[in-house]
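The tour below goes stop by stop.

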Amino acid sequence: MRRLVLGLIAFLALQVVVLAVDALLPPNLSRGERSSPVTLDRRGQWLRALPVEDGRWRIRADLKRTDPSFVRRLIAIEDQRFFLHGGVDPRAVIRAGGTAVARGRVVSGASTLTMQTARLLEPRPRNLGSKLIEMIRAVQIEARLSKQEVLSLYLTLAPYGGNLDGVRAASLSWFGHEPESLTLAEQALLIALPQAPEARRPDRRPAAARAARDLVLDRMAAAGLATRAEAEEARTEPMPQRGRFPALAWHAAGELARKAPASQATVVSTLDAGLQARLEPIAAAYARTQGLDATAAILVVEIEGRAVRASVGSGGLDRPGGWIDMTTALRSPGSALKPFVYAFAFDDGVAAPDTEIQDVATRFADYQPENFDRTFRGKVTAGEALSHSLNVPAVAMMEKIGPANFLARLQAVDVRLERSKAQTRAPGLALALGGEGITLRDLAVLYCALGDEGLAKPLAWTQAEAEKRVRSRGTRLVRPEAARQVLDILRDAPAPKGRMPTALTRGGPGMAYKTGTSYGFRDAVAAGVVGGYVIIVWTGRADGGARGGLTGREAALPMLFDAADVLAAPSSAAPAITPRVAPGALATLERSTRGPGVIFPPDGATVQVEALGPRARGLVLAASGDGLRWYVDGAPVPADPVSGRTIWRPAAPGFYEVTVIDDQDRSARSRVRIRN
């Protein structure tokens, strides 16, 4: 009994010593924590990952996105008893030691995957002392991590040549795809590379890489992990060359990767890689055309779920300030905030779209605004004032609802207008004209509320967030009726030069949009609601410098329309263009002596059609005048026998000359471009 008690005491003392040493000298797992998750698009396409220290690509492994057959073969080749031992495999140690004694040299190693992981966490010279430390560290690691976590850590740290760490970085760089599905040859190469990553680099030492891969294939065939025929076929695959890492949505994808928890290997974003890839060149092109110091930004949000489908932070990393994400930068929205001044006025019952306002020189205390073109229109309706972005009526509306009330209503939906530190007085009426800063992201929140019956919700950047937004009720910004009234007015805004009025596009999306220009032409903004999406675009200088004469209508609105074309949003029925009162041009009913005038398609327009040919829906031609006859490139276009309308169905994309002739043989022409 005394011996038994002493033995138990000795065992407990040993346990205490082991636990004390383990607590005082724990394994350093920080290297594994210094890894980068991968940001994927909504369909799983790689957008971007971040390098770690010394520019190494250490991409966090994701076993859910790793070919399970590769994992099984890796364990079978490298550590057959991985799931049975506690970090050190006694059988392998005895076998390796006996073989070394018998032959006088090291023939086979005894390193388990856990021991290799310990060596990768704390690199040491290859000697017997280091091997003993690795064994101790392996036991400590196994006490802290599950087998799946150990395997994930190994596949994160394993070197694959150059500055590549981890199976995901290796698979993307060498094979151009995630390790979700790997050929037998690819698996063999990924198993062989970590043992001598520099000596076996496929791009620099292809013969050594091939020999190592083929040796692993032989071991697979001998172990029954692959048939001889499969191994022989795998030998025929050529050695890969290293490719470049994707860098789509550089700013947004990088931000998501940085914010991901340490345990998260993959961030599934709401971004659409295809849409992002089409919009980035558009932003770059507009930035180039607007000056050496100019850059641009585009934000596309799907209203349902508030999922951000594209986020172009700049006109390119090669542009001045291109590394700054301009969707998060504070910029003056100019007149892009005016729709919300009117929306609050309509919501409060202060005004209606038909309310008449005097657009004349007016002083509001010590503030006297003037219109952009320095002219006044006299008596206008609220709808006309918003549609033509008149300043004096907007300031008058702001005076009615109150600047403090305006700010409070925005803050209630977590949208903030930032004032410069030099401003000490209470917010003034200049808020109506964009006198304070806002981010494009917050501007998107507001325009999404207009498109969602007046409900505001935060933007969603991950799929999980988007699912929550769909289920959430949101916060009421304005009543549905007020939101619809503002959108109806914005749909009637004058079209940009060279673009057709969207309300006249048969079957096309009805764009409700607003532009803004800040003081000194520093910022050109355009925001649109179309087909279930909100698009916000901006051009300017990253440093906030002034630019000469580039307005939101000239510098940003064409980019908004180009982005909408790329988006290919589904049709959104726009209200009919039916003014409640007769415009001034129709006040007197007199017969015109000027001949016909083409209404649609207007001269110089680019028309996007869904289909071509005789079975397409076609375009309804419209003009003023009596007894009209239509011709396209000299060929007559007959009227539809049922509806009486003249419908043109272009046969192919290209440029066409459309001619209309009235009953007095007077003519008018329009040259248009058809796109499909």
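Two strands count as paired if DSSP finds at least two bridges between them. This is a predicted model, and the first stop uses that pairing rule.

**Stop 1: the sheet around β1**

Select Thr 39. It stands opposite Val 267 in β5. Now widen the selection to strand β1, residues 38-40. Three bridges join β1 to β5, and the two strands run parallel.

**Stop 2**

Strands of a sheet pair through backbone hydrogen bonds, either parallel or antiparallel. Which sense applies to β19 and β20? Select β20, residues 635-637: its pairing with β19 is antiparallel, over three bridges. Tyr 631 has Pro 636 in β20 as its bridge partner. The two strands form a hairpin with two residues between them. Click on Asp 633 in the turn: its phi is positive, about 55°.

Now turn to strand β22, residues 654-661. β19 pairs with β22 as well, in the antiparallel sense over four bridges. Val 632 stands opposite Val 658 in β22.

In a regular strand the side chains alternate between the two faces of the sheet. Show the side chains of β19, residues 629-632. Trp 630 and Val 632 make up the covered face. Arg 629 and Tyr 631 make up the uncovered one.

**Stop 2: two packed helices**

Two packed helices are described by the angle between their axes and the distance between the axes. Select helix α5 (residues 113-121) and helix α6 (residues 128-144). They pack at an angle of about 105°, with axes 8 Å apart. Angles of 65 to 115 degrees count as roughly perpendicular, so α5 is roughly perpendicular to α6.

Show the side chains between them. From α5, the contact takes in Thr 114, Met 115, Ala 118, Arg 119 and Leu 121. From α6 come Lys 131, Glu 134, Met 135, Arg 137, Ala 138, Ile 141 and Glu 142. By class, the contact has six nonpolar, one polar and five charged residues.

**Stop 3: salt bridges**

How many salt bridges does a search of the whole structure find? The search finds 38.

Start with Glu 232 and Arg 235. Their closest N and O atoms are 3.5 Å apart. Both residues lie in helix α11 (residues 228-235), three residues apart, about one turn of the helix. Glu 232 counts as partly exposed because its relative accessible area is 45%. Arg 235, at 24%, is partly exposed too.

Go on to Arg 484 and Glu 453. Their side chains meet in a salt bridge at 2.5 Å, N to O. This pair links distant parts of the chain, 31 residues apart. Arg 484 is in helix α20 (residues 480-491). Glu 453 is in the loop between α18 (440-451) and β10 (455-456). Arg 484 has a relative accessible area of 37%, so it is partly exposed. Glu 453, at 35%, is also partly exposed.

Then select Arg 34, Glu 53, Arg 56, Arg 58 and Asp 165 together. Salt bridges that share partners join these five into one network. Inside it, the side chains of Glu 53 and Arg 58 meet at 2.7 Å, N to O. Is Arg 58 buried or exposed? Arg 58 is buried, because its relative accessibility is 0% and the cut-off for buried is under 20%. Glu 53, at 26%, counts as partly exposed.

**Stop 4: a loop residue**

Finish at Glu 180. Look for it in the loop between α8 (167-175) and α9 (184-192). At 41% relative accessibility, Glu 180 is partly exposed. Leaving out residues up to four places away in sequence, Glu 180 touches Arg 65, Thr 66 and Asp 67. Glu 180 and Phe 70 are 110 residues apart in sequence, yet 9.3 Å apart in space, C-alpha to C-alpha.

Note on methods: Residues are numbered from 1 along each chain as its sequence is written. This is a predicted model: local features need pLDDT of at least 70, side-chain atom pairs count only at pLDDT 80 or more; totals for chains, interfaces and linings use all residues. Side-chain values use heavy atoms; hydrogens and water are left out. Buried means under 20% relative accessible area, exposed over 50%, partly exposed in between (1.4 Å probe, protein chains only). Contact means heavy atoms within 4.5 Å. A salt bridge is a side-chain nitrogen of Lys or Arg within 4 Å of a carboxyl oxygen of Asp or Glu. Axes are lines fitted to C-alpha atoms, for helices over the stretch in contact, and angles run from 0 to 180 degrees between N-to-C directions. Angles under 35 degrees count as roughly parallel, over 145 as roughly antiparallel, 65 to 115 as roughly perpendicular and the rest as oblique. Ala, Val, Leu, Ile, Met, Phe, Trp, Tyr, Cys and Pro count as nonpolar, Asp, Glu, Lys and Arg as charged, and the others, Gly among them, as polar.
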